[in-house]
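Dear colleague,

My notes on its backbone and helices follow it.

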Amino acid sequence: MIERVRAVLITADDTMLVIRRTKPGMPVYWVLPGGGVEESDASREAALHREIHEEIAGKADIVRLLHTTESDDERQLFYLARITTWSFEDRTGPEFSAEGRGEYVLEEIPLTAKGLDGIDLKPEEIAHVLRGAIGAAALGAGVVGQLIADVGVPPEPRPK
């Protein structure tokens, strides 16, 4: 089974870093920074640190595992992290130079319902998790506090 790690990267301004993906012939969509776990990675967290470095020349403090999705052949682990530094111009990932991979653009969006509604974040399941945290935060705690809390946010059922 292929394992991928991704990060919900929260900035000091409580915004979130996402990557806008533009591929020929496809609608624009957004993803969270991350990628595949390699055999040489000491742990999933080490893989995530490597991917953050490759994709956005960034350094982040991983807070906790936030959510996991699984299909027949792939498991994606989504971590909550505080991003401390980043520079999209200094990225080094091999995918950025591969022909036909389309365009990757780093964006900073508000961690609000309106911010999430303005993008097509993939996979949809993590978008539901984040919307749930935003909804719970409207009841009192801030979104970041809600995400960090160990109460967790159950995902909405997957569309069939």
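Helices (H or I, at least four residues) and strands (E, at least two) are DSSP runs, numbered from the N terminus. This is a predicted model, in which local features need pLDDT of at least 70 and side-chain atom pairs count only at pLDDT 80 or more, while totals for chains, interfaces and linings use all residues. Residues are numbered from 1 along each chain as its sequence is written, and side-chain values use heavy atoms, with hydrogens and water left out.

A57 is found in the loop between α1 (44–56) and β5 (59–70). Although A57 is not a glycine, its phi is positive, at about 45°, and this residue comes just after α1.

The length of α1 agrees with expectation, because its 13 residues at 1.5 Å a residue should span 18 Å and its end C-alpha atoms are 18 Å apart. The expected span is 1.5 Å times one less than the number of residues.

Within α1, A47, L48, R50, E51, I52, E54, E55 and I56 are buried, meaning under 20% relative accessible area with a 1.4 Å probe and protein chains only; exposed is over 50%, and partly exposed lies in between. The cover over these residues includes β1, β2, β4 (34–36), β5, β6 (74–85) and β7 (103–110), contact being heavy atoms within 4.5 Å.

D14, in the loop between β1 (2–10) and β2 (15–22), also has a positive phi, near 60°, without being a glycine. D14 is partly exposed, at a relative accessible area of 37%.

Finally, the K122 to P123 peptide bond is cis, with omega near -10°. P123 lies in the loop between α2 (113–117) and α3 (124–137).

Yours sincerely
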